[in-house]
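Visitor: I have a model open and a list of labels for it. I would like to know what stands behind each label.

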Amino acid sequence: MLNENSMRLYAFAIGKQTWTNEQASVQLNIPLAEIAVAREQLTEHHLLHSTAGSETTVTATPPDVAVATLLADDVRRVHELQLGIAKHRGEMLALLPLYREMKAAASEGSHVEILQDGAMVTKYLSEASRDVASEVLAVQPTPISNVERAKSSALKDIELLERGVKRRTLRRSRDRDHPPTLHLARELAPHGAEHRTLPVLPLRVMIFDRTSALISRPDYDHDFTAIVVHSKDLVVSLAAVFDCIWDAATPMPVDLPKSQTHSEARGLSAVQSAVLDGMALGLTDEAIAARAGVSVRTCRRHIASIFEYLGAESRFQAGALAASKGLLRPALLA
């Protein structure tokens, strides 16, 4: 930045063809040594131009001309840098078609494919639903967000079911009283779709024709990355696990009036039903709470409510009374 003396000297020099440091010092009332410093600064900024061999013939250079001269080297370096960037970009982008081709070929021969974002997952599900021929097995750890989405999902699933595709879906026990989820289950039931529930479902999984499967990461509420399994042996194994879990799951109450949920008909909420199942399995309060997705304190409150509802004084008695009232899942009585 130019200092005040430099600015005053530049103003003094404008319009003058010849002048000396002594003249400037007298006229501007600035010490001679400071005039010399100001003149040197203006010269470095190309704002003063001296005729070769003359110290008195000094003219002021227009600022736009001065800045062009001052920055000429910088502009040249920037231009060279831009040319280098363009060259590197062209060289790298030229490899993009090869990368895409080889990645696609690798995916076709790979047992596992990673889908990096929600758009890729949506595209895969759309293509898989279009191509599926006989069966869809689904594990859904989250409920349908609203009735509108349930209706939209039902239309897509009904189209599959009418093509002869079977669909079985596992959901969480706590979603048995969730209206949008119940709406979807009841809309699909007449078309042959089945929904069952379990206290805990750790992953979202979709299995298509037992030949391919989509597995979401555990943090499915915030992470849309998913894994597609193409290995037939792995998918068959996943389907076998699904079948085993399915047999132990509880059917959703699709046959009840829409104004009355299954849990209400039994006198227990979905969470209380999950707690009762855990008691029947002989689990600790901590394990039951984890299965039902509640705190240990809340779990114990539900246990107390179940005891009161059944008129039981011990867990053994509660289990016997629950079995007699038909409140336990058949798989727990086997």
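Guide: Start with helix α2, residues 21–28, where Asn-21, Ala-24, Ser-25 and Leu-28 are buried. Buried means under 20% relative accessible area, exposed over 50%, and partly exposed in between (1.4 Å probe, protein chains only). Helices are DSSP runs (H or I, at least four residues), strands likewise (E, at least two), numbered from the N terminus.

Visitor: What kind of model is this, and how are residues numbered?

Guide: It is a predicted model, in which local features need pLDDT of at least 70 and side-chain atom pairs pLDDT 80 or more, while totals for chains, interfaces and linings use all residues. Residues are numbered from 1 along each chain as its sequence is written, and side-chain values use heavy atoms, with hydrogens and water left out.

Visitor: How do you know that the buried residues of α2 line one face?

Guide: Look down the axis of α2: its buried residues fall within an arc of 100°, so they share one face of the helix. The arc is taken over the directions from the helix axis to the C-beta atoms. An α-helix has 3.6 residues a turn, so residues three or four places apart point the same way.

Visitor: What covers that buried side, and which residues sit on the face turned away?

Guide: The cover of the buried residues of α2 includes α1 and α3. The face turned away carries Val-26 and Gln-27, both exposed.

Visitor: Why is α1 called roughly perpendicular to α3?

Guide: Helix α1 (residues 4–13) and helix α3 (residues 32–44) pack at about 75°, with axes 9 Å apart. That angle makes α1 roughly perpendicular to α3. Under 35 degrees counts as roughly parallel, over 145 as roughly antiparallel, 65 to 115 as roughly perpendicular, and the rest as oblique. Axes are lines fitted to C-alpha atoms, for helices over the stretch in contact, and angles run from 0 to 180 degrees between N-to-C directions.

Visitor: Which residues of α1 and α3 meet?

Guide: From α1 come Asn-5, Ser-6, Leu-9 and Tyr-10; from α3 come Glu-34, Ile-35, Ala-38, Arg-39, Gln-41 and Leu-42. Contact means heavy atoms within 4.5 Å.

Visitor: Why does Glu-148 count as exposed?

Guide: Its relative accessibility is 59%, so Glu-148 counts as exposed. Glu-148 is in helix α8 (residues 147–162). Pro-180 is 32 residues from Glu-148 in sequence and 8.1 Å away in space, C-alpha to C-alpha.

Visitor: What makes a set of residues a nonpolar core?

Guide: A nonpolar core is a set of buried Ala, Val, Leu, Ile, Met, Phe, Trp, Tyr and Cys residues joined through side-chain atoms within 4.5 Å. The largest has 19 residues, and those with the most contacts inside it are Val-275, Leu-276, Met-279, Ile-306 and Leu-310. Elements giving two or more residues to this core are α12 (270–280), α13 (285–292), α14 (296–310) and α15 (315–324).

Visitor: How many helices and strands are there, and how many residues in the protein?

Guide: There are 16 helices and ten strands. The protein has 334 residues, of which 37% count as buried.
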